[in-house]
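Hi,

Here is the structure I said I'd pass along. Have a look at it first, and then read on for what turned up.

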Amino acid sequence: MWHFRIWPEQASTSAREVDWLCIGLLIVTGFYFFVVFLPLVYFSIKYRRGSKASRANAIEGSNLIEITWTAIPTFMSIGLFAWGAAVYFHLERPPADALQIEVVAKQWMWKIQHAEGKREINELHVPLGQNVRLTMTSQDVIHSFFVPAFRTKQDVVPGKYVTEWFKPTRVGEYHLFCAEYCGTKHSGMVGRVVVMEPDDYQKWLTTGDVGNPIAASGRQLFTQLGCSGCHEGNGTIRAPRLEGIFGKPVPLQDGEVVTADERYIRDSILMPQAQIAAGYENLMPNFSGRISEEQLLQIIEYIKSLANTTPPPLPPAREPEAKAHPPMPSLPQQQQLPNAAPQP
Ligand code: CUA
């Protein structure tokens with residue numbers, strides 16, 4: 001049944017915050033409408049040229065009035081700014097305990113992987129009352145992940161990772177839109193977010209086509225692509241160990257120190273020559289064009305899973321050997337992993 005509503009339903013903790021900010025803005029702009037705009041129209045008509053209105057008692061300037069109508073709007077604007085900034089920072093900082101879900105956008109669909117292995121397209125299942133953090137990227141153009149009922153919207157940009165988080169507060173199904181014009185079928189890039197009771201969500205995670213956990217798929221790729229040959233074991237090529245590296249500072253050859261976050265790992269895989277870890281040589285081959293966005297996220301998830309481990313002790317030093325990378329195993333770009341998403 002059709003019914004009109006001014007606000008979309010509030011289905012996340014941020015929805016109320018954003019709505020109150022919006023209402024606050026409306027009140028402030030309404031205030032200016034009544035004290036500035038309406039009198040302006042009234043006086044323009046009343047004192048139009050040739051009108052008979054009395055022009056006696058005209059004020060020739062008043063510091064008190066000038067200061068008052070400068071100071072009050074200034075404080076109101078600063079208050080709105082502070083309020084908006086507080087809401088913004090809250091929306092931009094995902095809580096540490098958030099459930100991690102990976103999203104890859106492409107023309108014209110949303111591809112979603114859950115850490116436990118479930119994958120879905122244009123649908124996102126989440127548990128009620130739990131913080132959910134989306135790590136998102138695009139494999140072509142800019143898209144925007146918009147869930148009006150959660151009051152969250154985030155541009156999804158190719159070549160980088162962006163995050164969006166929310167805490168659903170109501171069981172139900174909500175619209176998911178792409179809110180950035182991304183080509184001819186932009187308007188069809190829609191889906192739904194399904195908020196479920198935590199028990200139902202757990203059940204959902206383990207029924208139907210359940211794939212490998214993301215980190216396990218990443219581990220598999222790590223071996224298939226030959227990464228493990230240099231980054232672990234006693235290979236002839238010396239490459240940094242990846243145990244315990246995630247989230248830690250990494251000194252680079254040029255003296256700079258970077259944090260081993262998702263972006264750094266991504267860049268190291270796609271443009272390894274750009275940032276060489278101190279003490280190592282520029283030997284790693286470039287994987288750009290040989291690995292999909294989903295696969296990158298899987299490898300990153302695997303490296304993240306090593307965050308709390310320590311590398312085994314180094315093998316005894318050996319004679320330096322030829323410094324060339326061994327032949328690379330090839331992996332087709334769109335390799336059909338066991339439960340890979342169907343292509344349209
Ligand atoms: Cu994707 Cu618009």
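S138 sits in strand β5, where strands (E, at least two residues) and helices (H or I, at least four) are DSSP runs numbered from the N terminus. With a relative accessibility of 1%, S138 counts as buried; buried means under 20% relative accessible area, exposed over 50% and partly exposed in between, with a 1.4 Å probe and protein chains only. Beyond its neighbours within four places in sequence, S138 is in contact with A105, H143, V156, V157, P158, G159 and E293, contact being heavy atoms within 4.5 Å. Q107 is 31 residues away from S138 along the chain, yet their C-alpha atoms are separated by 9.0 Å.

Before you go further: this is a predicted model, so local features need pLDDT of at least 70 and side-chain atom pairs count only at pLDDT 80 or more, while totals for chains, interfaces and linings use all residues. Residues are numbered from 1 along each chain as its sequence is written, and side-chain values use heavy atoms, with hydrogens and water left out.

Q107 comes up again in the backbone geometry. A cis peptide bond joins Q107 to W108, with omega at about 0°, and W108 lies in the loop between β1 (99-106) and β2 (109-114). For context, most peptide bonds are trans, and most residues other than glycine have a negative phi. Which non-glycine residues have a positive phi of about 55°? N122 is one of them, in the loop between β3 (119-121) and β4 (123-127). R151 also has a positive phi of about 55°; its loop runs between β6 (143-147) and β7 (152-156). R151 is buried too, at a relative accessible area of 12%.

Now the helix packing. Two packed helices are described by the angle between their axes and the distance between the axes. Here the axes are lines fitted to C-alpha atoms, for helices over the stretch in contact, and angles run from 0 to 180 degrees between N-to-C directions.

Take α4 (residues 214-224) and α7 (residues 293-305) to begin with: their angle is about 100° and their axes are 7 Å apart. That makes α4 and α7 roughly perpendicular, on a scale where angles under 35 degrees are roughly parallel, over 145 roughly antiparallel, 65 to 115 roughly perpendicular and the rest oblique. On the α4 side, the residues involved are I214, A215, S217, G218, R219, L221 and F222, and they meet Q295, L297, Q298, I299, E301, Y302 and S305 of α7. Sorted by class, the contact of α4 with α7 has seven nonpolar, five polar and two charged residues. The classes are Ala, Val, Leu, Ile, Met, Phe, Trp, Tyr, Cys and Pro as nonpolar, Asp, Glu, Lys and Arg as charged, and the others, Gly among them, as polar.

Helix α6 (residues 262-270) also packs on α7, at about 120° and with the axes 10 Å apart, so α6 and α7 are oblique to each other. The contact takes in E262, I265, R266, I269 and L270 from α6, plus E293, L296, I299, I300, I303 and K304 from α7. Its residues divide into seven nonpolar, no polar and four charged.

How enclosed is α6? Eight of its nine residues are buried, so α6 is largely enclosed by the rest of the structure. The buried ones are E262, Y264, I265, R266, D267, S268, I269 and L270. They pack against β5 (132-138), β11 (249-251), β12 (257-259) and α7.

Over at helix α1 (residues 13-46) you'll find E17, which is partly exposed at 24% relative accessibility. Leaving out neighbours within four places in sequence, E17 is in contact with V87 and H90. Y88, in helix α2 (residues 63-92), is 71 residues from E17 in sequence but 9.9 Å away in space, C-alpha to C-alpha. Y88 is partly exposed as well, at 46% relative accessibility.

Some totals to finish. The chain comes to seven helices and twelve strands, and 37% of its 344 residues are buried. Of the contacts between residues at least 6 apart in sequence, 69% join residues at least 24 apart. There are zero disulfides, a disulfide being a pair of cysteine sulfur atoms within 2.5 Å.

Cheers
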